[in-house]
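Trainee: Could we go through this model together and check what stands behind each label?
Mentor: Gladly, here it is.
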Amino acid sequence: MNLEQIQEKLIDDFDFEKALEILEKLGENFSKNDLIENAKALIKMTYTSREMDDVFFNAAYIVASRSYYEGREVHYSLNFTLDIQSNLELDLEKTFKHRIVSEKEFILREELLNLLELNRIKFEEDKDEFSKSNVYKIEEILEILD
């Protein structure tokens, strides 16, 4: 489906009258055309997004999203939402490091550790200055990766 077909399908299936009823009760002043234009723009943003993850865009109580299912299907959604929240932010007593490591980074780290060990052995056996220099450089690279 192209963008216009996706927009048409989502907008045709959406209950703008119900959304307008709720907005009127909240004292918000929107026309049906306002909501439709917002929806079209949001759907276009999800359609043209280059992200390969789920994406969400919102404006004036309308949320458009796109997600992928098992790399085979794409799912578009148009929602009306009221967001009522309570948030609290606190400093941690102890900081922690948690970071997702990609497979490439994991392999790179393993290879660097192997190279580090080889250079340490070489330095211990031969007192080779080049190996000593390599040890320092590899340790610096590993610190950067941390």
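What follows is a short talk about the labels used for this structure.

Mentor: This is a predicted model, where local features need pLDDT of at least 70 and side-chain atom pairs count only at pLDDT 80 or more, while totals for chains, interfaces and linings use all residues. Residues are numbered from 1 along each chain as its sequence is written, and side-chain values use heavy atoms, with hydrogens and water left out.

Trainee: Why is Tyr68 called partly exposed?
Mentor: Buried means under 20% relative accessible area and exposed over 50%, with partly exposed in between (1.4 Å probe, protein chains only). Tyr68 has 35%, so Tyr68 is partly exposed.

Trainee: Where does Tyr68 sit?
Mentor: Tyr68 lies in strand E2, residues 62-69; strands are DSSP runs of at least two residues, and helices (H or I) of at least four, numbered from the N terminus.

Trainee: What makes E1 and E2 a pair?
Mentor: Pairing takes at least two DSSP bridges between two strands. Strand E1 (residues 55-59) is joined to E2 by five bridges, and the two run antiparallel. Asn58 stands opposite Val63. Two residues separate the strands in this hairpin, and Ala60 in the turn has a positive phi of about 50°.

Trainee: Which residues of H4 are buried?
Mentor: They are Glu105, Arg109, Leu112, Leu116 and Asn119. These buried residues pack against helix H5 (129-145), where contact means heavy atoms within 4.5 Å.
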